[in-house]
Amino acid sequence: QDGCWPNASRRMARRPVRLKRTFVAPLIASAIACTLASVPVERSGGNLVREELPKKRSAQGSRRWQRAVAAVSAEGQAQFMLQADAAKYNSTRLFIRSHRAQTYYPRRYLSFRHRRREGVISPRRRRTLPDPLFLLQMLDECTSVDMHNHSGDDGGLLWSTKTNIWYEGDAGLVRYDAGPQLTGGSLWKDNWGTHAVHGDPVTGKLYELQNNNRKVLKSHETFSYIQCLRDNYTTDGVGGRLGTPIAIDDYMAFVGGGEVAVQDKNNIWYVIELGCTGTLNTTSLGVDQNSPRMNAKRGEYSLVSCERGQRGGILERDDHHGGQRSVVYPNYPHNRVLRRDIPSGKVITLTSVRDMSDACSLSVDYDRNLWYWHGESARGKREALVACEARLRAPKGPPGAPGPKGEQPKKAYAGAPGAPGPPGKVGHWGKRGPVGNPGKVGVRGEPGADGDKGKTGAPPPAPQPITGKTTVPYFVGALGLHVLMLGVVYMILSSRATKPQMAKKAEDAGADMDGHEELERPEH
């Protein structure tokens, strides 16, 4: 700047200044000291080019150059960034390029586009999300306290931080100490009014949702900004602008794990990364696939509205299932707490709760495994603040220390033979195979040749003379037996021949008597 180096800007604008390499460090140190001592009404910048000799020099003596970009903000902060291989030169020189400082404009006088061009608003970038929030179990094991003396009638949302539970009543903003005992109740700020404040259960940070006019977001407006808040509810930072403004229907917001989920008037789910500055990444998840809307009046899966037209709950991210997001909210008059996957719309019941009585929002205590809700005339109290037990999935811890070095494996020996196993089951019968093809008829063989004539056989033996003699008694006996047999045969044949003749004679005798009648004897 001209206050430190008179006419330096004028000389640098005319020609580069050549300096030896030994003056690089003193020059940069002087520039930083001069900038920090100056009045923070200007921002300046410059380019430093440093020569670096390569490890192996070529025959022509070429050298490699690196460019260092130096930027000094109006608040006196200097930043240096080295860009490798910016250019190649053949001389050992150090060049300092500078220009006159630009005028600094306060943020309130700059438009968004001009602030983006001047570097006041950083370009859109992916922030590192905190640990995901996922509820394993929500129990109806609760303690309660009556807030009516502090809050008056019920009004708006309920949220919590690391140390406190907050509720927006008609009398103002009510505060209680976080924990199961619900102590330390007080009216922290009277006439608080209506706000759209939510607390991230994981980080404990506070955020307020705003419309396109940087006012409190309400139903049927355009969600455009997120304003960070300190613990005393003063603003922290300039606020972040949504990458895509969202025209909402009824006010519904679900916060957790560094993100907030909302639904637009076309039933499309959006997830926005929470942040205090710059452009906030806004992701469209798609249309909710469950036809009944969550803002339906006392529907089966609906979320009732607070008296000021707001609805609130928790946003989960399940890293065990690819980062699936879901919203958790009270479901009155069905007295349940529901989990609804987005955008699929699949709904499951996390727990059933006795007499939730117009519960329109809930919050989770990430450090104490609790969840909080408010119900009018619940648990026998006019304005009940209720703390119940919960089980949350613990975040991944840091990697453990490496284990001790393992022992060298020893030589293995054959073990004893094992006992024989049980006999196997009998296998199934195999299927009958296909019928085989019939074989071919063999070729008929040719007749064989005539065999050789055998040798002449021996002559038959000579007949032997009869030596036995028939005796007379034997002959007479045989003859008598023969005659006897003939007689028997004759008698049998004769008896058969006489039977028809006798029958005929009997018929003839009957015929002769047919012509005569038996005369009656005269009576005397």
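This note goes through some local features of a predicted model, point by point.

1. Basis. The model is predicted, so local features need pLDDT of at least 70 and side-chain atom pairs count only at pLDDT 80 or more, while totals for chains, interfaces and linings use all residues. Residues are numbered from 1 along each chain as its sequence is written, and side-chain values use heavy atoms, with hydrogens and water left out.

2. Aromatic pairs. Eight aromatic pairs turn up in a search of the whole structure. Rings of Phe, Tyr and Trp (its six-membered ring) pair if their centres lie within 6.5 Å; planes under 30 degrees apart count as stacked, over 60 as edge-to-face and the rest as tilted. The pair of Trp 159 and Tyr 233 is edge-to-face because the planes stand at 70°, with the ring centres 6.5 Å apart. Trp 159 belongs to strand E7 (residues 158–160) and Tyr 233 to the loop between E13 and strand E14 (235–247), so this pair links distant parts of the chain, 74 residues apart. Helices (H or I, at least four residues) and strands (E, at least two) are DSSP runs, numbered from the N terminus.

3. Trp 166 is in strand E8 (residues 164–168), so its pairing with Tyr 233 ties together parts that are 67 residues apart in sequence. Both Trp 166 and Tyr 233 are buried, as is Trp 159. Here, buried means under 20% relative accessible area, exposed over 50%, and partly exposed in between (1.4 Å probe, protein chains only). Trp 159, Trp 166 and Tyr 233 belong to one aromatic cluster with Trp 188 and Trp 192.

4. Charge over a ring. The charged end of Arg 214 sits over the ring of Tyr 225, 4.2 Å from its centre. The criterion is that NZ of Lys or CZ of Arg is within 6 Å of the ring centre and within 35 degrees of the ring normal.

5. A contact across the sequence. Asp 367 lies in the loop between strand E24 (362–365) and strand E25 (370–376). Its side chain makes a polar contact with the side chain of Lys 162, at 3.2 Å. A polar contact is a pair of N or O atoms within 3.5 Å; within protein, one must be able to donate a hydrogen and the other to accept it, and residues adjacent in sequence count only if both atoms are side-chain atoms. Asp 367 and Lys 162 are 205 residues apart in sequence, but 7.4 Å apart in space, C-alpha to C-alpha.

6. Backbone points to check. Most residues other than glycine have a negative phi, and most peptide bonds are trans. The peptide bond from Tyr 332 to Pro 333 is cis, with omega near 15°, and Pro 333 is in the loop between strand E21 (324–331) and strand E22 (336–341). Asn 335, found in that loop between E21 and E22, has a positive phi of about 55° and is partly exposed, at 22% relative accessible area. Another cis bond joins Ile 342 and Pro 343, with omega about 5°. Pro 343 is in the loop between E22 and strand E23 (347–352). His 220 has a positive phi of about 65° and is exposed, at 55% relative accessible area.
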